[in-house]
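Subject: Structure handover and helix packing notes

Hi,

Here is the structure I promised to pass on. Please open it alongside this email, and have the sequence to hand.

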Amino acid sequence: MKAVFLPGNKRVEIRAVEVPKPRQDEVLVQVKASCICRSDLSLYYGNAVVGGDAAGRCITGHEPAGVIVEVGSAVRQFKKDDRVAIHLAVGCGVCSYCRAGHFHLCREWTCLGFTADGGNAEYIAVPERNLLKLPDDMSYVAGAISTDAFGTLCSAARKLGINGLSTVGIWGLGPMGSAGVLAAKALGGKVIALDPIAERREFALGLGADLAIDPTSATACEEIMDFSGGKGISAGLDCSGNSAAQNMALDVAAPFAKVAFVGESRETTIKPSDQLIRKQVTLMGSWYFGVAEYEDILRIVETGKIDLERLATHTFSLDEAETAFRLFDERKTEKAVFVM
């Protein structure tokens, strides 16, 4: 089968490899759609955010969806021809985090696309417990987007308690931030979308954002305060991983606001007294979602009538992988999806 590898230094390799054989507790999924994520670019450049030196040797892709074509002898809840998305974290299955469905917090976890073979291929074998059942009326592209992109931001938005009284600031309007706009609007919030790229601000407005601002503008903070009636935001999501954006989110946070950092960053400097302590602001990290959350995530998609495919501005075949990663790296796409 064809599979995509990222050995670093912006190289993209399409290799012919054997179709994997599912173990007793695994299924073999024929991949129908698999998304590119901003974290994949760490592999593209050779400085993996997950797995360190162990990364880069696996088939890439941690956001796949497809159809089951073979099941192991111990598989009980899923069957051939079931349509599924896949949770990216393969945990030990028995620790307290795995038993709670937080496979990505397991100390022994492996990550699809980084330290375990991922979904940018024609087939993938994964444990049954990692399967997420897709609704009959959800496309494979939407199913792939429903995992890391929308699922992660929906989980973060719920942790922030976003509702109809919320004024939400979202920094970084790539695929994650755009998914955050959809999630925050579905939960009832008023959304301020911030990104220095004009096309991304326009895209966010098309998704339902109430206001779009260039965060590098000298009047950006003033515009946020004006929109919020002088109070500041009650919830903030930083999807950029940029220190200036993280600090702006904390600067314009209202007293008792909650702010979540979602975008990966290795270090930043904040001002705890002014930004957190004296305003009693809650700052949290939010990373992916627990497998038990997926039913609620789908319910939000359904009740909010969210068209997740709107985030997929570009689709590619596996043979076009080099072009796909180049355009994604150049920020010329929102969600880029391999369609098989």
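First, a caution. This is a predicted model.

**H4 and H5**

Start with helix H4 (residues 148-159) and helix H5 (residues 175-186). Their axes come within 8 Å and cross at roughly 55°. The crossing of H4 and H5 is right-handed. H4 brings Asp 148, Ala 149, Phe 150, Thr 152, Leu 153, Cys 154 and Ala 157 to the contact. H5 answers with Met 176, Ala 179, Gly 180, Leu 182 and Ala 183. By class, the contact of H4 with H5 has 9 nonpolar, 2 polar and 1 charged residues.

One more residue of H4 is worth a look. Ser 155 lies in this helix. Is Ser 155 buried or exposed? Ser 155 has a relative accessible area of 1%. The cut-off for buried is under 20%, so Ser 155 counts as buried. Leaving aside residues up to four places away in sequence, Ser 155 touches Tyr 288, Phe 289 and Glu 293.

**H5 and H6**

H5 also packs against helix H6 (residues 198-207). Here the angle is about 25°, and the axes are 9 Å apart. Angles under 35 degrees count as roughly parallel, so H5 and H6 are roughly parallel to each other. H5 passes H6 in a right-handed crossing. On the H5 side, Ser 178, Val 181 and Leu 182 make the contact. They meet Phe 203, Ala 204 and Leu 207 in H6. By class, the contact of H5 with H6 has 5 nonpolar, 1 polar and no charged residues.

**H10**

Now go to helix H10 (residues 294-303). Which residues of H10 are buried? They are Tyr 294, Ile 297, Leu 298, Ile 300 and Val 301. Seen down the axis of H10, these buried residues fall within an arc of 155°, so they line one face of the helix. An α-helix has 3.6 residues a turn, so residues three or four places apart point the same way. On the other side of H10, Glu 295, Glu 302 and Thr 303 are exposed.

What covers the buried residues of H10? The cover includes strand S5 (83-86), strand S9 (131-133) and helix H3 (140-145). H4 and H5 are also part of that cover. After H10 comes Lys 305, with a positive phi near 50°.

Best wishes

Methods
Residues are numbered from 1 along each chain as its sequence is written. This is a predicted model: local features need pLDDT of at least 70, side-chain atom pairs count only at pLDDT 80 or more; totals for chains, interfaces and linings use all residues. Side-chain values use heavy atoms; hydrogens and water are left out. Axes are lines fitted to C-alpha atoms, for helices over the stretch in contact, and angles run from 0 to 180 degrees between N-to-C directions. Helices (H or I, at least four residues) and strands (E, at least two) are DSSP runs, numbered from the N terminus. A crossing is left-handed if the near helix is turned anticlockwise from the far one by less than a right angle, and right-handed if clockwise. Contact means heavy atoms within 4.5 Å. Ala, Val, Leu, Ile, Met, Phe, Trp, Tyr, Cys and Pro count as nonpolar, Asp, Glu, Lys and Arg as charged, and the others, Gly among them, as polar. Buried means under 20% relative accessible area, exposed over 50%, partly exposed in between (1.4 Å probe, protein chains only). The arc is that of the directions from the helix axis to the C-beta atoms. Angles under 35 degrees count as roughly parallel, over 145 as roughly antiparallel, 65 to 115 as roughly perpendicular and the rest as oblique.
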